[in-house]
Amino acid sequence: MAKQTQAAIPAHVPASLVYDFDIYADSARTGDPQAVHMDLHNKAPDFFFTPRNGGQWIATRYADVQKIMGAPDLFSSSGTYFNPSQKLIKISLPPQDLDPPDHTKYRLLLMKFLAPKMVVQLEGQIRALMTELIDSVVQKDGCEFMAAISVPLPVKTFMTLMGMDISRYREFVKWANGMLASEHWWQRLPSFWRMRRYMKSLVVAREKNPGTDPVSLLLASEVDGKKLTRSQVQDMCNLLFLGGLDTVTNAMTFITKALAEDPEKQRFLRENPDRIPAAVEEFLRRVAFANIPRRVTRDTEFNGIKLRKDDMIISSLAAASNDDRSVEHPEKIDFDRPKSPHVAFNTGPHNCAGATLARLELRIFLEEWLKRIPPFRLAPDFHAEARGGPVMALEHLELSW
Amino acid sequence: MVEVTFVLPNGQSRTVAAAAGQSVMQVAVDENIVGIQGDCGGNMSCGTCHVYVDEAWAAQLPAPGEVESAVLDGLIGQRANSRLSCQIKLSAALSGLKVTVAGS
């Protein structure tokens, strides 16, 4: 992908804090986005300004990301964008783009079905989905992991969670791929519109025949004494779809690549499946892949650095989760760490609402995959291709066993 | 200094001395108490700081607000004395506080 053009450096940004980094092209360049982001600790100031993508600050340290995410009055989730072209299209995704106190009200509605008590009820269904997907590859001697496993699993899990018609899942996967894999925003739009149209029809169907599913729960919910509008419910459904899709896909894919490159860890987890939950946390730390935008709400100072109103700050969760100031030898995947402090799910009030579900999907994936698939490695002709931006990803992952 | 005792899921106890004004969650994270994560940094957006407050102390704490109550209702293993430890602010009056890590 070609590098974006450079914006002028604003007057309030000192030259010593400028480092040229395109969060799209540069993240993807080597096929290992986490390595690129970790390397920022060596190459750039902790908190630096890049002229790419309209000009943005980039935060790379765990303590700084905690500060930024913990101060929504200063660093807002509204009016954020990754590059200026996104300003042209207003897509509302409450409550992701809201700040407290409004954020909290909508967030509590999501928690009605994303809370641990609810998510735990999905375990059997998720395991059945995982089993079915593994069935499709177990007799072969390899697979393209994303198409076979890591794209379908979260799509089907989402459809199960929302009480959708799973027989339409291939269509959903097509929309998901269209939205996530397209390089340019105009390529993503047709899929987004199709998904949105489907969600609308789902909401209408639930209005007519309410049940106990999340859409029905949202339709029956109130905020500040008022029922949610159909439009608000639709927007939240869009967020749920987008929130739990490529994120889980990428977590599974990056984790599987790490395991493919480390037969010793595969062996250890096969022999000690009770260590899988701890392994999931350490993997998430090491392969964190999201970059989170915030908009500065007023002229202020951050660590002695002048920020102006409407400055954009992107927090690299990969760099922050692999910060040698908070974790020893962050590049090492070590299941014996007493704690794996990370921000793979972000932190602050916008900490991922789907984290419990994601952790469940990842644990079940590792349990079933390691149980049934023989020791696996990267296919001989595998060459890593990655994507940068808000959610960093691999394009494909060919495995052999 | 405020003394706080954490009872771990395995039954072991750890007593730590903490500064007044901190939340119990923050103390637990600083002291690497297993089972208390504090993923959301004390914003009632994760539930990973779930504790059971010892009955001797439960009544001394201000009651949970609406948001905390809603989050507690969604946790596995919720009990009458469940609290989010990020919402328990330590003061001298709470020295000797004992909580059990819910680990869920």
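B:Val24 touches B:Val4, B:Val51, B:Ser85, B:Ile88, B:Leu90 and B:Val99, leaving aside residues up to four places away in sequence. This is a predicted model. B:Val24 also belongs to the largest nonpolar core, which holds 130 residues. Together with A:Ala251 and A:Ala288, B:Val24 touches the most other members of that core. Which helix gives the most to this core? Helix H17 of chain A does, with ten residues. H17 covers residues 355–372. In soluble globular proteins, nonpolar side chains tend to be buried together.

Next, the contact between the chains. Chain A puts in 20 residues, and chain B puts in 15 residues. H4(A) supplies the largest share, four residues. By type, this side of chain A has eleven nonpolar, six polar and three charged residues.

Chain A also has an open sheet. Five strands form the sheet, with mixed pairing, in the order S1-S2-S10-S7-S3. Strands S1 and S3 of chain A are the edges, and each pairs on one side only. S1(A) and S2(A) run antiparallel, joined by four bridges. Within this pair, A:Phe47 has A:Ala59 of S2(A) as its bridge partner. Strands of a sheet pair through backbone hydrogen bonds, either parallel or antiparallel.

| Element of chain A | Residues |
|---|---|
| Strand S1 | 47–50 |
| Strand S2 | 56–59 |
| Strand S3 | 75–76 |

Key
Residues are numbered from 1 along each chain as its sequence is written. Chains are lettered from A and ligands numbered from 1 in the order in which they are written. This is a predicted model: local features need pLDDT of at least 70, side-chain atom pairs count only at pLDDT 80 or more; totals for chains, interfaces and linings use all residues. A nonpolar core is a set of buried Ala, Val, Leu, Ile, Met, Phe, Trp, Tyr and Cys residues joined through C-beta atoms within 7 Å. A residue is buried if 20 or more other C-beta atoms lie within 10 Å of its own, exposed if 12 or fewer, and partly exposed in between; C-beta atoms are placed from the backbone. Helices (H or I, at least four residues) and strands (E, at least two) are DSSP runs, numbered from the N terminus. Two residues are in contact if their C-beta atoms, placed from the backbone, lie within 7 Å. Ala, Val, Leu, Ile, Met, Phe, Trp, Tyr, Cys and Pro count as nonpolar, Asp, Glu, Lys and Arg as charged, and the others, Gly among them, as polar. Two strands pair if DSSP finds at least two bridges between them.
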